[in-house]
Amino acid sequence: MDAGRMSKSLARIAHEILERSASPADLEALALVGIRTRGVPIARRIAAAIHGINGHDIPTGALDITLYRDDLMRHAVGPQPLIRRTEIPFSIDDKRILLVDDVLYTGRTIRAALDALIDFGRPKAIQLIVLVDRGHRELPIKADYVGKNLPTSLSQSVQVRLTEIDGRDEVEIQES
Amino acid sequence: MKKDLLGIADLSRDEIYLVLDTAEAMREIGQRPIKKVPTMRGKTVVNLFYEPSTRTRTSFEIAEKRLSADTLNIAVATSSVLKGETLVDTAMNIEAMAPDVIVLRHASSGAAHLLSRLCRSRVINAGDGMHEHPTQALLDAFTIREHKRRIEGLKVAIVGDLLHSRVLRSNVLLLTALGAEVWVCGPSTLVPVGVERLGVRATTSVDEAVKDADVIMMLRIQQERMQGAFFPSVREYFNTFGMTMARVARARPDVIIMHPGPMNRGVEIASDVADGPFSVILEQVANGVAVRMAVLYLLAGGAED
């Protein structure tokens with residue numbers, strides 16, 4: 001997936017979000033929360049795309065799920081992962097939260113993100129947006145908006161690169 | 001990070017910054033409606049305090065609870081000096097119940113190191129005698145960095161009972177490692193011999209120490225550790241070394257005043273300074289929880305580097 005395909009996918013997701021939020025009240029209840037690291041710029045791009053379509057500003061936050069990971073205290077194989085700030089500068093109570101991540105794989109990150117989000121309040125609903133769904137779920141989790149379904153084998157790894165972090169936009173499948 | 005946090009002396013510059021950066025993220029947890037994350041679920045932390053403590057013990061306990069650890073407090077407040085044997089026995093008994101972390105406060109310098117050699121549990125030094133108090137220095141650095149955006153190049157004046165202070169040693173090690181210009185000041189009877197070897201400037205003149213300082217850090221007069229007369233009277237100490245608004249005025253206009261607590265008002269610090277606009281003393285206490293969460297997180301999971 002190159003930069004052009006990526007921006008088309010995100011634009012399509014922005015349109016789908018607006019189609020499913022017909023009334024002004026639905027639109028008002030929306031909020032985007034990106035999962036660190038690469039979910040955050042993707043969430044901002046979707047917010048910008050929606051602003052470009054109808055001028056509406058959707059509040060956008062950043063969630064670090066490290067402290068909620070289920071493997072954190074299990075494998076003593078290296079130093080602890082770095083924790084970054086969670087910044088959700090709005091109340092999530094009664095909001096429809098659109099959770100954003102780059103790659104959906106086992107589903108464990110999303111499980112952790114759901115636990116983390118619910119510690120911030122009681123949203124009306126939580127939906128999931130991913131740029132790439134590569135399959136191999138280990139938990140009963142499914143995305144509501146998918147940029148691209150990318151069938152992969154377990155031996156492969158999927159690398160999403162974004163201009164904001166990596167200097168360019170691309171999705172690459174690597175044999176490991 | 002190593003297995004234990006025994007002192008600032010064991011930390012590299014990068015490790016110090018790792019703790020401070022992790023604490024930034026931890027502080028946000030304290031501002032949530034539910035101030036708790038599941039990170040240390042199922043981990044047991046024993047707070048073993050051989051000396052009285054309000055701030056440090058409470059701070060560690062809140063930090064542990066915010067990370068969902070099971071906590072146990074053992075307060076062995078006693079006036080007699082505990083022999084090595086006693087500490088070892090207590091430690092071995094606690095160790096037999098397999099806690100994951102032991103937080104130790106002890107009146108003898110080196111007590112945490114002793115425990116570290118004996119225990120498989122991770123050991124955090126919460127103050128050992130006149131040696132080190134690493135989490136205090138880390139929370140002080142966190143507070144300074146928050147106000148000044150940097151530590152390198154700042155003039156920091158540390159004033160008070162330098163001889164008996166573990167806070168002094170940990171702070172000097174940390175601040176000099178990060179490139180601050182540290183001045184220490186106290187009556188000559190309370191200045192440790194050879195303190196300049198730690199890379200600080202020593203003076204007995206408060207005016208000289210605080211001149212153009214970015215940070216003034218007051219140390220408590222530790223009467224409980226004094227066997228003998230180190231200065232003629234409390235009033236004379238206050239007149240010569242006490243921090244007053246007149247002395248604060250010699251520092252930079254954006255100076256911050258710090259104190260590790262507990263304060264002796266009217267001894268080392270005037271009330272109008274302690275409660276005044278330059279004081280960040282209560283912020284230090286608030287930041288202590290975030291810094292201790294960071295230390296617990298970085299030690300309790302993962303492996304040694």
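## Helices H2 and H11 of chain B

In this predicted model, helices H2(B) and H11(B) cross with a right-handed sense. Helix H2 covers residues 55–66 of chain B, and helix H11 covers residues 281–300 of chain B. Their axes come within 8 Å and cross at roughly 55 degrees. H2(B) and H11(B) are therefore oblique to each other.

On the H2(B) side, the contact is made by B:Arg55, B:Thr56, B:Ser59, B:Phe60, B:Ile62, B:Ala63, B:Glu64 and B:Arg66. These residues meet B:Val285, B:Gly288, B:Val289, B:Arg292, B:Met293 and B:Leu296 of H11(B). Sorted by class, the contact of H2(B) with H11(B) holds 7 nonpolar, 3 polar and 4 charged residues.

## Helices H1 and H3 of chain A

Chain A has a helix pair formed by H1, residues 3–19, and H3, residues 39–54. The two pack at an angle of about 60 degrees, and their axes are 9 Å apart. The crossing of H1(A) and H3(A) is right-handed.

From H1(A), the residues in contact are A:Met6, A:Leu10, A:Ile13, A:Ala14, A:His15, A:Ile17 and A:Leu18. Their partners in H3(A) are A:Ile42, A:Arg45, A:Ile46, A:Ala49, A:Ile50, A:Ile53 and A:Asn54. By class, the contact of H1(A) with H3(A) has 11 nonpolar residues, 2 polar residues and 1 charged residue.

## The largest cavity

A search of the whole structure for cavities of 30 Å³ or more finds 2. The largest cavity holds about 60 Å³ of space.

The lining of the largest cavity consists of 13 residues. Those nearest its centre are A:Leu67, A:Ile83, A:Arg84 and A:Thr86 from chain A, together with B:Arg32 from chain B. By class, the lining of the largest cavity divides into 7 nonpolar, 1 polar and 5 charged residues.

## The second largest cavity

About 50 Å³ of space lies in the second largest cavity. Its lining is made up of B:Met1, B:Lys2, B:Asp4, B:Leu5, B:Leu6, B:Gly7, B:Asp10, B:Leu11 and B:Glu15.

In the lining of the second largest cavity, 4 residues are nonpolar, 1 is polar and 4 are charged.

Note on methods. Residues are numbered from 1 along each chain as its sequence is written. Chains are lettered from A and ligands numbered from 1 in the order in which they are written. This is a predicted model: local features need pLDDT of at least 70, side-chain atom pairs count only at pLDDT 80 or more; totals for chains, interfaces and linings use all residues. Side-chain values use heavy atoms; hydrogens and water are left out. On a 1 Å grid over the protein atoms alone, a cavity is a set of points where a 1.4 Å probe fits but cannot get out, and a pocket is an open set with protein on both sides within 12 Å along at least five of seven lines; lining residues have an atom within 4 Å of a point. Grid points are joined across faces, edges and corners, and a volume is the space filled by probe spheres set on the points. Ala, Val, Leu, Ile, Met, Phe, Trp, Tyr, Cys and Pro count as nonpolar, Asp, Glu, Lys and Arg as charged, and the others, Gly among them, as polar. Axes are lines fitted to C-alpha atoms, for helices over the stretch in contact, and angles run from 0 to 180 degrees between N-to-C directions. Helices (H or I, at least four residues) and strands (E, at least two) are DSSP runs, numbered from the N terminus. Angles under 35 degrees count as roughly parallel, over 145 as roughly antiparallel, 65 to 115 as roughly perpendicular and the rest as oblique. A crossing is left-handed if the near helix is turned anticlockwise from the far one by less than a right angle, and right-handed if clockwise. Contact means heavy atoms within 4.5 Å.
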